[in-house]
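Grab a pencil and work through these exercises one at a time. Try each task yourself before you read the solution under it.

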Amino acid sequence: MNKKISMLKFTDIFDIDEIQEIQDTFAKATGVSAIITDFAGNAITRPGNFCRLCKDIIQNTRTGCENCVKFNADMAVDHTRGPVFQPCPGPGLWNAKIAVTIAGNHVANWIIGQVKDEKADLQKMLAYADVIGADHDAYAAALDEVTTMPVKQFTEITQALFLITEQLSGQAYQKLQYKQIVSSLKQSEKHLVQKTRELQHTMDHLVEAMEKNQAMEARLRQSQKMEAIGTLAGGIAHDFNNILFPILGFSEMIMQDLPRQSPVRDNMQSVIDGAVRARELVQQILTFSRETEQDCRPLKLQLIVKEVLKLARASLPSTIKITKIIPTDVGMVMADPTQMHQVILNLISNALHAMEENGGELSLSLSEADFSEDNLPAFEMAPGPYVCLKVADTGQGMEPEILKRIFEPYFTTKVRGKGTGLGLAVVHGIVKNLDGKILAQSTRGEGTAFYMYLPRFTREQDLCDENKKVAVPCNGNEKILLIDDEKPILHMLEKLLSRAGYRVTACDMPQQGLKCFTQTPRDFDLVITDMTMPEMTGDKLVAALKKVRPDIPVILCTGCSENTVTAKTSEAAPDKILLKPAGREDLLANIRYLLDN
Ligand code: ADP
Ligand code: MG
């Protein structure tokens, strides 16, 4: 229906049956025959009330027909708007034509006639029979049947038809326009629906993107939070370690002094255990904030598992059974024992928690696994030899949405007080740090299994000097310069070293210590200094000492991580960095090692 107006045909806008009826009724009422033709003179409607004269007599002769056709064609192409009167080739006969226009475009002709002029001369009219070669009598009889009226009446009829036609085509055109509007409305509606759908799509995408963004922001905020905790923890740890250092040192000395049978020994041991646990706790906080110095060494996980189980058994309800497959010949891993303890404890306590209500079975198994490129259990892993610890329970299990999030820091499904959501985050951090991988499998209502893969330690890997140190005898009588601004630490160290036979000069000011050393550098065999001090930091002091005497062994004690220190002290590195609070044996072993090598 979207045709251009100039291309519209009569049949596009008029219902032919309706127009036929109007045409025929009009013809009957006026006694004037009518037909509607198209532009070229072809009939659109059937002729109405046609007189015999035309079709039976005139058009039956060759000349009459030719005249008629030409006459009709001339009339058809006449675009004149309004009625056109035209005398027929046959004299005394009149025709009229009304151009049907739609919005100014001539689409059809409504032709009426012929009628006989009341005043026409009969003789002249009959003469046309001879012109076209028709039978005279038949012509006269047919002519007699032709409607006769005054020309004026005919013009009035024509005028009436013109008005009707104008009205009809105006209405038809409006109807057409209306149809077109409706159809274009429908089209727009379709378009709108389509656009709405597209918009919905775009919105969905946007919302999805926004959600992703929010999740990312949340993660970012999370990691910023973690960072803040890390920084805070790092700061606290430094002070805390300074407090722990003398507690541990003095306790150990007291322990040494106590006779074997003393009833105080037990209490003293508890103090030491407590201090050691406090040290481990600080260490754990630091692990989590990734600030910690790991004490990695070749380690048999068998021992750690045993230790943790011993702890867990104490609080184990009778409804939980433990099975384990822990072969002794499974290889070692390079890891920090404290951290491994923590990892296994976290996994086991989660498992136990999951079985708290209904009981079940906790199974632990340790095995070796060798992965090549094609059989890696997770794609971020490097091929190679691994040790796998599986911790499985038959507890409540997890829905997939939960499982996805368990390693997130602070993600917990437990009530306040029961869970912090840090356990698996710590596990993940530790394992990742060791180039390992932790995987979890779970089915709601059936249970959960965690698989921890850690690179297997092989012989080629350098055994660290830690083992060598332990073997050497730790006492000595060399001269040691001790510098620490914290008096309790200074005091404790001085005592500890003196007990081991060393001669100690203690200074609580770095400047004073440096002065002392500069005066008689050959008097000292070793220097122990703190890192964080007013006036002069430990690393600067090390540099100054080494400038005076490059071969002097220096131990730098610090509460911060080794990485931070080595980065700062790259020019004049201390010979050993000890993390506070170092235990007595650790300190003595290191002193001995430096003096002997
Ligand atoms: P927390 O134990 O403090 O909630 P975790 O990081 O250790 O934090 O664990 C996070 C969450 O993972 C738990 O709250 C629990 O929903 C789920 N989860 C961990 N281990 C298991 C398990 N063995 N069985 C079922 N759910 C577990
Ligand atoms: Mg937990």
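Predicted model: local features only at pLDDT ≥ 70, side-chain atom pairs only at ≥ 80, totals over all residues.

Residues are numbered from 1 along each chain as its sequence is written, chains are lettered from A and ligands numbered from 1 in the order in which they are written, and side-chain values use heavy atoms, with hydrogens and water left out.

**Exercise 1. A strand and its partner**

Task: Work out why strand E1 counts as largely enclosed, and find which residue stands opposite Ala34.

Solution: 
- Next, buried means under 20% relative accessible area, exposed means over 50%, and partly exposed is in between (1.4 Å probe, protein chains only).
- Now look at residues 34-38, which make up E1: four of the five are buried, so the rest of the structure largely encloses this strand.
- Then check the pairing, which needs at least two bridges found by DSSP between two strands. E1 runs antiparallel to strand E4 (residues 105-117), with five bridges between them.
- Finally, the residue facing Ala34 is Ile112, in E4.
- A handy rule to keep: in a regular strand the side chains alternate between the two faces of the sheet.

**Exercise 2. Salt bridges**

Task: Say how many salt bridges a search of the whole structure finds, then describe the one between Glu166 and Arg81.

Solution: 
- The test is a side-chain nitrogen of Lys or Arg within 4 Å of a carboxyl oxygen of Asp or Glu.
- Searching the whole structure gives 17 of them.
- Glu166 and Arg81 make a salt bridge at 2.3 Å, N to O. Glu166 sits in helix H7 and Arg81 in the loop between helix H4 (62-76) and strand E2 (83-87), so this pair ties together parts 85 residues apart in sequence.
- As for cover, Glu166 is partly exposed at 22% relative accessible area, while Arg81 is exposed at 55%.

**Exercise 3. One more pair, and a network**

Task: Describe the salt bridge between Glu408 and Arg405, then name the residues joined into one network.

Solution: 
- The Glu408 and Arg405 side chains meet at 3.1 Å, N to O.
- Glu408 has 32% relative accessibility, which makes it partly exposed. Arg405 is partly exposed as well, at 39%.
- The network consists of Glu368, Asp370 and Arg456, joined by salt bridges that share partners.

**Exercise 4. Surface patches**

Task: Which residues form the negative, positive and nonpolar patches?

Solution: 
- Patches use residues with over 30% relative accessible area and no salt bridge, joining like charges within 9 Å and nonpolar side chains (Val, Leu, Ile, Met, Phe, Trp, Tyr) within 5 Å.
- Negative: Asp15, Asp17, Glu18 and Glu21. Asp15 is in the loop between helix H1 (10-13) and helix H2 (16-30), and is partly exposed at 41%.
- Positive: Lys306, Lys310, Arg313 and Lys324. Helix H9 (residues 301-314) gives the largest share, three residues. Arg313 is in H9 and is partly exposed at 44%.
- Nonpolar: Ile236, Phe240, Ile243, Ile247 and Val271, covering about 410 Å². Helix H7 (residues 151-257) supplies the largest share, four residues. Ile236 lies in H7 and is partly exposed at 49%.

**Exercise 5. A helix and a distance**

Task: List the buried residues of helix H12, then find how far apart Ile16 and Thr45 are in space.

Solution: 
- In H12 (residues 423-433), the buried ones are Leu424, Ala425, Val426, Val427, Gly429, Ile430 and Val431.
- Just past H12, Asp435 has a positive phi of about 60°.
- Ile16 belongs to helix H2 and is partly exposed at 25%.
- From C-alpha to C-alpha, Ile16 and Thr45 are 7.2 Å apart, with 29 residues separating them in sequence.

Terms used: Helix = DSSP H or I, 4+ residues; strand = E, 2+ residues; numbered from the N terminus. Areas by Shrake-Rupley, 256 points an atom, 1.4 Å probe, with all protein chains shown as cover. Lys, Arg positive; Asp, Glu negative; His and termini not counted. Charge placed at Lys NZ, Arg CZ, Asp CG, Glu CD.
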